[in-house]
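Please look over the fold, the ring pairs and the charged pairs of this model. A short report follows.

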Amino acid sequence: MKILFSLFLVLVSLGVEAQMVNIESQRMQTDSVRFAGNMNFNLAYQENNSISLFMLKSALATQYKSKSLKDIFMVLGNFDLTKSGSQEFSNSAFGHFRYNRKFSSFFRWEAFAQVQYNKLLSVGIRTLAGTGPRLKLLNKKNGVGYLGTLYMYEYEETTELNPEIHRNHRLSSYITFSISIPKIKGEFVTTSYYQPRLDKFNDFRFSNQSHLAFHLTQKLRWTTGFSFLYDEFPPAGVSKRALSLDQGFRIEF
């Protein structure tokens with residue numbers, strides 16, 4: 001029963017993280033702190049009734065601000081592998097770079113580049129590049145909110161039976177809120193993305209990703225999250241919808 005439950009948790013989480021990466025959950029509200037980062041690492045092995053399950057997950061996020069605090073550079077990386085014998089239940093990775101320039105307390109401009117793959121979702125390689133404005137909607141003591149509308153170019157090679165190459169121009173819009181919860185020493189972040197093709201608006205992706213982090217110590221966080229993804233035209237054999245529930249630890253530095 002344990003092995004089946006573990007496999008179920010893996011299977012329901014396959015699509016979300018690798019398809020649309022939630023950058024907002026990795027941004028660090030550090031004010032005058034110029035360098036910050038966090039990393040996550042999970043390694044598990046389980047054997048039950050002659051069935052073995054191996055899981056490896058790792059992630060790294062770093063953020064650097066210029067002396068003027070107007071330029072922000074972010075680098076993110078993630079790797080996820082889950083195997084049972086010779087069968088893979090997840091095998092994905094991504095790398096992400098983002099630059100953000102602050103022009104006023106309300107208006108920012110950002111640009112990004114990303115590369116990723118996901119074998120189980122038939123994504124051999126996907127590269128993204130985009131740029132656009134980022135607007136601050138809310139600026140309160142215990143919460144901030146942003147709206148972004150970026151142009152994004154997407155190049156994708158699929159690994160299905162009949163491999164295809166896709167080159168698309170998309171709109172990548174998002175709205176995000178980050179709320180501090182002092183009573184429980186926690187923080188809640190929720191982000192919704194909408195990514196339609198500019199030449200075919202009925203070809204779109206939508207996702208919502210929400211995370212709640214509890215401060216165990218000054219540097220250690222316990223995190224729990226929920227993700228939902230809908231892709232109107234996924235690769236052949238891949239479901240349009242994907243759900244993910246996750247829990248873990250985060251170390252900040």
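What share of the contacts in the protein chain with a separation of 6 or more comes from residues 24 or more positions apart? The share is 52%, where contact means heavy atoms within 4.5 Å.

## Basis

This is a predicted model: local features need pLDDT of at least 70, side-chain atom pairs count only at pLDDT 80 or more, and totals for chains, interfaces and linings use all residues. Residues are numbered from 1 along each chain as its sequence is written, and side-chain values use heavy atoms, with hydrogens and water left out.

## Fold and surface

The protein chain has 2 helices and 12 strands. These are DSSP runs numbered from the N terminus: helices are H or I with at least four residues, strands E with at least two. The order from the N terminus is α-α-β-β-β-β-β-β-β-β-β-β-β-β.

Of the 253 residues, 45% count as buried. Buried means under 20% relative accessible area, exposed over 50%, and partly exposed in between (1.4 Å probe, protein chains only). The protein chain exposes about 13600 Å², and carbon and sulfur atoms supply 62% of that area. Accessible areas come from the Shrake-Rupley method with a 1.4 Å probe; for residues, only the protein chains shown count as cover.

## Nonpolar patch

F35, M39, L60, Y64, F73, V75, F97, I251 and F253 make a nonpolar surface patch of about 810 Å². Strand 1 (35-48), strand 2 (51-65) and strand 3 (71-84) each give two or more residues to the patch. Patch residues have over 30% relative accessible area and no salt bridge; like charges are joined within 9 Å, nonpolar side chains (Val, Leu, Ile, Met, Phe, Trp, Tyr) within 5 Å. V75 belongs to strand 3 and is partly exposed at 43%.

## Aromatic rings

The whole structure holds 7 aromatic pairs. Rings of Phe, Tyr and Trp (its six-membered ring) pair if their centres lie within 6.5 Å; planes under 30 degrees apart count as stacked, over 60 as edge-to-face and the rest as tilted. Y174 and Y193 have ring centres 5.9 Å apart and planes at 50°, so this pair is tilted. Y174 sits in strand 8 (residues 165-181) and Y193 in strand 9 (residues 186-197), 19 residues apart. Y174 is buried at 4%; Y193 is buried at 6%. S173, also found in strand 8, is buried at 14%. Leaving aside neighbours within four places in sequence, S173 contacts G148, T149, S192, Y193 and Y194.

Ring pairs also link Y64, F73 and Y99 into a cluster.

## Salt bridges

There are 11 salt bridges, each with a side-chain nitrogen of Lys or Arg within 4 Å of a carboxyl oxygen of Asp or Glu. R205 and E154 meet at 2.7 Å, N to O. R205 is in strand 10 (residues 200-215) and E154 in strand 7 (residues 143-158), 51 residues apart. R205 and E154 are both buried.

D203 and R170 meet at 3.4 Å, N to O. D203 lies in strand 10 and R170 in strand 8, so the pair ties together parts 33 residues apart in sequence. D203 is buried at 6%, and R170 is buried at 2%. A network of salt bridges links R126, E154, E156, R170, R197, D199, D203, R205 and D231. K240 and E232 also form a bridge, at 3.5 Å, N to O. K240 is partly exposed at 36%.
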